[in-house]
Amino acid sequence: MEESTTYFKAFRFRLEPTPDQAVLLSKHFGCTRFVYNHFLKEKQDHYLINKKTLNYNNCSKILTDLKQQEEFSWLSEVNSQSLQAALKNLETAYGNFFKKRSKFPRFKSRKNNANSFYCPQLVDVIGGNRVKIPKFKEGIKFIRHRELKGEIRSATVSRAPTGKHYVSILCELPAEK
């Protein structure tokens, strides 16, 4: 059996967004929650009518069409990859349910305070103390209390119940012998 040549490590930092960035972060949290809930309902309704479930590809196509509609144009204000990640999370939740590893997926609540969104690519650290993710051109300032090691792969931005924002940056590092 061949050993892995790399491993992954996450580095969590506190964000210090400007007021405008905080609003955009809130939009990201709300839009990803909306997409998850909307497509959970779509999947349930589709199954009741057709006795078949919608898969990720069907939902992704519907999401693209949804963003073209006037009443849902606000979905274009946020990173599209984060919305796609919400669909993938829903697909994973369905898969876990049908493999009897978890309960049926539930709707996400605004009151839950567990707000987060995932950026699967195009994440970078600029100027030493700013994390750049899609839709945040100048980057969001963060408190860098330790060095990042390895190649950046993705990031998850979250808001704690206290209202503070955090970023967890996933890095790939070479395995040590």
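**Fold and contacts**

A: The protein has three helices and seven strands. Both are DSSP runs numbered from the N terminus: helices are H or I with at least four residues, strands are E with at least two.

Q: What should I know about the model and its numbering before going on?
A: This is a predicted model: local features need pLDDT of at least 70, side-chain atom pairs count only at pLDDT 80 or more, and totals for chains, interfaces and linings use all residues. Residues are numbered from 1 along each chain as its sequence is written, and side-chain values use heavy atoms, with hydrogens and water left out.

Q: In what order do the elements run?
A: From the N terminus on, β-α-α-α-β-β-β-β-β-β. The C-alpha atoms fill a box of roughly 55 × 50 × 30 Å along the principal axes.

Q: What share of the residues is buried?
A: Buried residues make up 35% of the 177. Buried means under 20% relative accessible area, exposed over 50%, partly exposed in between (1.4 Å probe, protein chains only).

Q: Which residue follows H1?
A: Lys-51, with a positive phi near 60°.

Q: Now the packing. Which residues have the most contacts inside the largest nonpolar core?
A: Val-131, Ile-133, Val-157, Val-167 and Ile-169, in a core of 21 residues. A nonpolar core is a set of buried Ala, Val, Leu, Ile, Met, Phe, Trp, Tyr and Cys residues joined through side-chain atoms within 4.5 Å.

Q: Which elements supply at least two residues each?
A: Strand S1 (6–14), H1, strand S2 (115–119), strand S6 (151–159) and strand S7 (165–174). A second, separate core has 18 residues, including Phe-72, Leu-75, Leu-87 and Tyr-94.

Q: Switching topic: how much space lies in the largest pocket?
A: About 420 Å³. The search uses a 1 Å grid over the protein atoms alone and a 1.4 Å probe; a pocket is an open set of points with protein on both sides within 12 Å along at least five of seven lines, and lining residues have an atom within 4 Å of a point. Volume is the space filled by probe spheres set on the points, which are joined across faces, edges and corners.

Q: Which lining residues are closest to the pocket centre?
A: Of 19 lining residues, Tyr-36, Asn-89, Lys-108, Ala-114 and Ser-116. H1, helix H3 (80–98) and S2 each supply at least two residues of the lining.

Q: Is Glu-172 buried or exposed?
A: Glu-172 counts as buried, because its relative accessibility is 18%. The residue sits in strand S7.

Q: What does its side chain pair with?
A: The side chain of Glu-172 makes a polar contact with that of Arg-153, at 2.5 Å. A polar contact is a pair of N or O atoms within 3.5 Å; within protein, one must be able to donate a hydrogen and the other to accept it, and residues adjacent in sequence count only if both atoms are side-chain atoms.

Q: And Arg-130, where is that?
A: In strand S4 (residues 130–132). Arg-130 counts as partly exposed, because its relative accessibility is 31%. A polar atom of its side chain lies 3.0 Å from the backbone oxygen of Gly-139.

Q: Where is Gly-139?
A: In the loop between S4 and strand S5 (140–141). Gly-139 is buried, with a relative accessible area of 0%.
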